[in-house]
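Dear colleague,

Please find below the structure I promised to hand over. My notes on what was found in it follow directly after.

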Amino acid sequence: MSTTVTPESTPVSSPAPYPVPSAGTEDSITIVDPRDGTPVGSLSAASRTQVKSAVAAARKALPAWAATDPAERGRLLRNAAEDLQSRAGELAAWNSRETGKPGPEALAGVRAGVATLQQYAELGPVHRGHSLRGALLAADYTVSGPRGVAVLLTPWNDPVAVAAGLAGAALAVGNTVIAKPSERCPHTGNLLMEILAPHFPPGVVAALTGGAEVGAQLAMDAGVDVLAHVGSSASGARIARAAALTGAHAILENGGNDPLLVDADVDPRWAAEQAAVGAFSNSGQICTAVERIYVHRHIAEEFCTELAAEAQRRNREQSVAPLVDIRLRDAVHHQVSEAVAQGAAAAVGGLIPDGPGAHYPATVLLDCSAEMLVFREETFGPVAPVQVVDSFEEGLALAAAGAYGLAATVLTGSLAHAQQAVAALDVGTVKINAVFGGAPGGSAQPRRRSGRGFGYGPELLDEFSLTKVVHLESPPVGPGPAGAQR
């Protein structure tokens, strides 16, 4: 593994992005380290001309790449995965500088990206169709092909793993790819594509730097066939509207307001540990983070005491990494402050600390209620808001309410309650007795404001594919045209 580029040794200038046609740029993106506010670097946003040129290059490269043997596409993906592994330390260092993610977690994200590329390198060549039993002398079957030019609009909270997964699936089935990483981590996103791109023919993989304006240009370009977006629900809604106008296929994994329902029959200390992991991991900057907690009154007092102790321990040990930037910290603190003004009690945290950077403490809010913004919207910070309920049924009804549908967790020793939760919760993933986890290759379909389409696993290959149905039967047997030899 190469670790020759580190946050300490890397100059403020950026790694060179995968080249796009040269043109003047009007805007630039400047990044500061959220840990201490020091400069990281600046990049120019892609111009409208660069966006058009990148799409044109991807369309030009599409026919040959789509016709490439799937086994060859898999081989190139494996080579790209090996190269990514060799530069994992360098990429993780940039991620830490741009987003504040701790080094080991950033490195784990790169390794997860390597694993997804390897996964799709193996799955792509065996991606198969179906056959139907029809007439004896006829055959019906399906064949699949790429949708075309795929634009990947990827997030900052896990920039390498998410982008590598989307790119791997898209490339494995023959799409060409244009990636626009989040403007909060453009150096990391561009370096990822710089590592991957040389393993594929020219035009098959490209990267564009920019913010919402560049994303909007890509979303509205008629030459784009797929818009794959992982990010906020507000951005996802705009992308869905653009796709409705252009006809592009939209794959959206957007915000969540995931509930945690704690039943009366579980160990409150264990439940508090689960809640803390769900709410505070990655400083709460996970789309499937625990965002609202409903705990049965029977164990509520001990649960809240233990949850507060978990938050205090994390704050004391300074194990909560900073938020990605001051803008997000202000948004998180606004939700916390509003909740306190409406009657919630900040048992732990809830105050912006002194000093540089975008730090925010692990925060526990008690006496919360459904009308508070912290319960209605995604917070995306290290905040654990709690409401006490008098029955499992009451908690389940509250957990099932809301506009989001990403995931939900239920802690219970009752099989009946677990089954009731699975039936009642209109979300893509229901987790019983574990806030995180799942089988390798798993996937899910988010609902409502949380998006649509499969975002991971083998099903993602189908999202990036178009299916063609073939009906084949023999012509009638009989005499041919006059003079024809049979």
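Does Tyr 141 count as buried, partly exposed or exposed, and why? Tyr 141 counts as partly exposed because its relative accessibility is 33%. Please bear in mind that this is a predicted model.

**Surface patches**

Tyr 141 belongs to strand S4, which covers residues 138-146. Together with Val 143 and Leu 472, Tyr 141 makes up a nonpolar patch on the surface, and the accessible area of the three together is about 250 Å².

A patch of negative charge is also found on the surface, formed by Asp 267, Glu 273, Glu 301 and Glu 302. Of these residues, Asp 267 sits in the loop between strand S10 (258-262) and helix H9 (268-280). With a relative accessibility of 44%, Asp 267 counts as partly exposed.

**Aromatic pairs**

The count of aromatic pairs comes to 3. One of them joins Trp 156 and Phe 380 in an edge-to-face arrangement, with 5.6 Å from centre to centre and 90 degrees between the planes. Trp 156 lies in the loop between strand S5 (149-153) and helix H5 (159-172), and Phe 380 in the loop between helix H12 (373-376) and strand S14 (383-389), so this pair ties together parts that are 224 residues apart in sequence. Trp 156 and Phe 380 are both buried.

Tyr 294 and Phe 375 form another edge-to-face pair, at 5.5 Å centre to centre and 70 degrees between the planes. Here Tyr 294 is in strand S11 (residues 290-296) and Phe 375 in helix H12, and the pair links distant parts of the chain, 81 residues apart. Both Tyr 294 and Phe 375 are buried.

With kind regards

Definitions and conventions
Residues numbered from 1 in each chain as written. Predicted model: local features only at pLDDT ≥ 70, side-chain atom pairs only at ≥ 80, totals over all residues. Heavy atoms only, no water. Patch = residues over 30% accessible without salt bridge, like charges linked within 9 Å, V, L, I, M, F, W, Y side chains within 5 Å. Areas by Shrake-Rupley, 256 points an atom, 1.4 Å probe, with all protein chains shown as cover. Salt bridge = Lys/Arg side-chain N within 4 Å of Asp/Glu carboxyl O. Helix = DSSP H or I, 4+ residues; strand = E, 2+ residues; numbered from the N terminus. Buried < 20%, exposed > 50% of the residue type's maximum accessible area, 1.4 Å probe, protein only. Lys, Arg positive; Asp, Glu negative; His and termini not counted. Charge placed at Lys NZ, Arg CZ, Asp CG, Glu CD. Phe/Tyr/Trp six-rings, centres within 6.5 Å; stacked < 30°, edge-to-face > 60°.
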